[in-house]
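Here is a short report on one protein structure. Take a look at the sequence and the 3D view before reading on.

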Amino acid sequence: MSSRSVPAIINGNFFRVVEELGNGNVVVQCVPCETELQSGSTRGTKRDSSGGLKKGSFTATSNVLKHLKLHPAEHEAYKNYMITERKKNPEQPTISSFFPTTNDPARASTDDKLQMDYIIESMLPLYHIELPSFRRLVKGLKPAAKSLSYRTLSSRIHGLYLEEKCLLEKQLLEATWICCTADLWSSRRRS
Ligand SMILES: [Zn+2]
């Protein structure tokens with residue numbers, strides 16, 4: 001663990017790791033308010049804005065990031081931190097890659113990421129991840145690969161969305177000038 005670089009959000013400045021639960025799950029404690037949150041790559045728990053435990057399917061990052069927004073100063077500091085860190089090290093690990101699942105360590109996250117990338121890049125409806133033909137493709141190319149569920153995919157995309165939104169907000173705040181192209185809002189069949 002010490003040889004890997006810790007994901008920025010749980011490096012002790014914003015959250016500290018209290019306990020590793022295995023299977024990609026980890027309990028973290030919020031530094032500003034000391035609330036404990038369960039976080040990780042598996043589904044099952046979700047905390048609401050007051051920190052209460054809820055059943056749900058939220059990934060680690062979205063869970064933790066959502067909580068950090070309750071502390072505007074720390075949230076701002078995190079965004080600043082991420083901008084600097086990304087410049088230094090573009091391969092910042094995510095919480096789920098840092099605490100890989102025990103059943104299929106590093107590989108699971110790569111397979112997941114490949115499937116996720118395909119859906120995102122092609123802007124496909126999320127249900128495509130569960131289409132029998134898509135699953136056959138994944139299994140056909142790599143029998144050991146785990147198929148992603150619709151729920152896992154959507155919660156991971158949500159986490160990714162929150163992270164990217166954070167970074168984009170920060171970059172826009174720092175920019176002096178922004179140039180929008182004339183067709184910024186057009187899209188196919190919706191000009
Ligand atoms: Zn807190």
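## The model

This structure is a predicted model. Keep that in mind throughout.

## The nonpolar core

Which residues make up the largest nonpolar core? There are 12 of them: Ala-8, Ile-9, Ile-10, Phe-14, Phe-15, Val-26, Val-28, Leu-37, Val-64, Leu-65, Leu-68 and Tyr-78. Strand S2 and helix H1 (60-68) each supply at least two residues of this core. Helix H1 gives the most, with three residues.

In soluble globular proteins, nonpolar side chains tend to be buried together.

## Helix H6

Helix H6 runs over residues 150-174, which makes 25 residues. How far apart should its ends be? At 1.5 Å a residue, helix H6 should span 36 Å. The C-alpha atoms at its ends are 36 Å apart, so the two values agree.

Some of helix H6 is buried: Thr-152, Leu-153, Ser-155, Arg-156 and Gly-159 are buried residues there.

Most residues other than glycine have a negative phi. Two residues here go the other way.

Glu-34 is not a glycine, yet its phi is positive, at about 65 degrees. Glu-34 sits in the loop between strand S2 (25-30) and strand S3 (36-40). Is Glu-34 buried or exposed? Glu-34 counts as exposed because it has 8 C-beta neighbours inside 10 Å, and the cut-off for exposed is 12 or fewer.

Met-123 is not a glycine either, and its positive phi is about 50 degrees. Its place is the loop between helix H4 (105-121) and helix H5 (132-141). With 6 other C-beta atoms within 10 Å, Met-123 is exposed.

How values were computed: Residues are numbered from 1 along each chain as its sequence is written. This is a predicted model: local features need pLDDT of at least 70, side-chain atom pairs count only at pLDDT 80 or more; totals for chains, interfaces and linings use all residues. Helices (H or I, at least four residues) and strands (E, at least two) are DSSP runs, numbered from the N terminus. The expected span of a helix is 1.5 Å times one less than its number of residues. A residue is buried if 20 or more other C-beta atoms lie within 10 Å of its own, exposed if 12 or fewer, and partly exposed in between; C-beta atoms are placed from the backbone. A nonpolar core is a set of buried Ala, Val, Leu, Ile, Met, Phe, Trp, Tyr and Cys residues joined through C-beta atoms within 7 Å.
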